[in-house]
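Colleague: I am new to this structure and would like to learn how to read it. Could you take me through it feature by feature?

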Amino acid sequence: MDGLGRPWKTDKLRREAHKLMATTGVRKVRLYDARHACLSWMANNGVPDTVVSAWAGHSDLGFLKRTYVHPDPQSLRAGSEKLAELLG
């Protein structure tokens with residue numbers, strides 16, 4: 001928020017976030033990518049879709065799943081193991 005309590009514009013938020021990343025020694029990432037990674041992690045680690053959707057600010061669960069829910073290596077490995085059991 002600025003001095004008058006108004007939300008920062010996107011470019012100001014990005015500059016401040018990148019400044020904070022530099023100060024703390026964290027690798028510089030785009031905020032969009034950080035958001036996507038966080039929501040994907042939540043979705044792949046048992047957080048209910050409705051909760052992830054609320055965090056994302058989306059009411060359409062279909063959009064949420066198409067946009068943020070992608071299989072991670074751990075999920076793919078679990079699927080492969082289950083398939084091996086079935087075919088075993």
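Predicted model: local features only at pLDDT ≥ 70, side-chain atom pairs only at ≥ 80, totals over all residues.

Colleague: Thanks! At what angle do the axes of α2 and α3 cross?

Modeller: Helices here are DSSP runs (H or I, at least four residues), numbered from the N terminus. Axes are lines fitted to C-alpha atoms, for helices over the stretch in contact, with angles from 0 to 180 degrees between N-to-C directions. In this model, helix α2 (residues 31-44) and helix α3 (residues 49-56) have axes that cross at roughly 165 degrees and come within 9 Å. Angles under 35 degrees count as roughly parallel, over 145 as roughly antiparallel, 65 to 115 as roughly perpendicular and the rest as oblique. The pair α2 and α3 is therefore roughly antiparallel.

Colleague: Which residues of α2 and α3 meet?

Modeller: Contact means heavy atoms within 4.5 Å. From α2 come R35, L39, M42 and A43, and they meet V52, W55 and A56 of α3. The residues of this contact divide into 6 nonpolar, no polar and 1 charged. For those classes, Ala, Val, Leu, Ile, Met, Phe, Trp, Tyr, Cys and Pro count as nonpolar, Asp, Glu, Lys and Arg as charged, and the others, Gly among them, as polar.

Colleague: And how far apart are the axes of α3 and α4?

Modeller: Those axes are 10 Å apart, and the two helices pack at an angle of about 85 degrees. By the angle ranges, α3 and α4 are therefore roughly perpendicular to each other. On the α3 side are D49, T50, V52, S53 and A56, meeting L61, L64 and K65 in α4. This contact holds 4 nonpolar, 2 polar and 2 charged residues.

Colleague: Which residues make up the largest nonpolar core?

Modeller: In soluble globular proteins, nonpolar side chains tend to be buried together. A nonpolar core is a set of buried Ala, Val, Leu, Ile, Met, Phe, Trp, Tyr and Cys residues joined through side-chain atoms within 4.5 Å. Buried means under 20% relative accessible area, exposed over 50%, and partly exposed in between (1.4 Å probe, protein chains only). Here the largest core has 7 residues, namely L39, M42, A43, V52, A56, L64 and Y68.

Colleague: Is S53 buried or exposed?

Modeller: S53, found in α3, is buried, because its relative accessible area is 3%. Apart from neighbours within four places in sequence, S53 is in contact with H58, S59, L61 and L64.

Colleague: Where is R27 placed?

Modeller: R27 sits in the loop between α1 and α2, and R27 counts as exposed because its relative accessibility is 67%. R27 and N44 are 17 residues apart in sequence and 23 Å apart in space, C-alpha to C-alpha.

Notes. Residues numbered from 1 in each chain as written. Heavy atoms only, no water.
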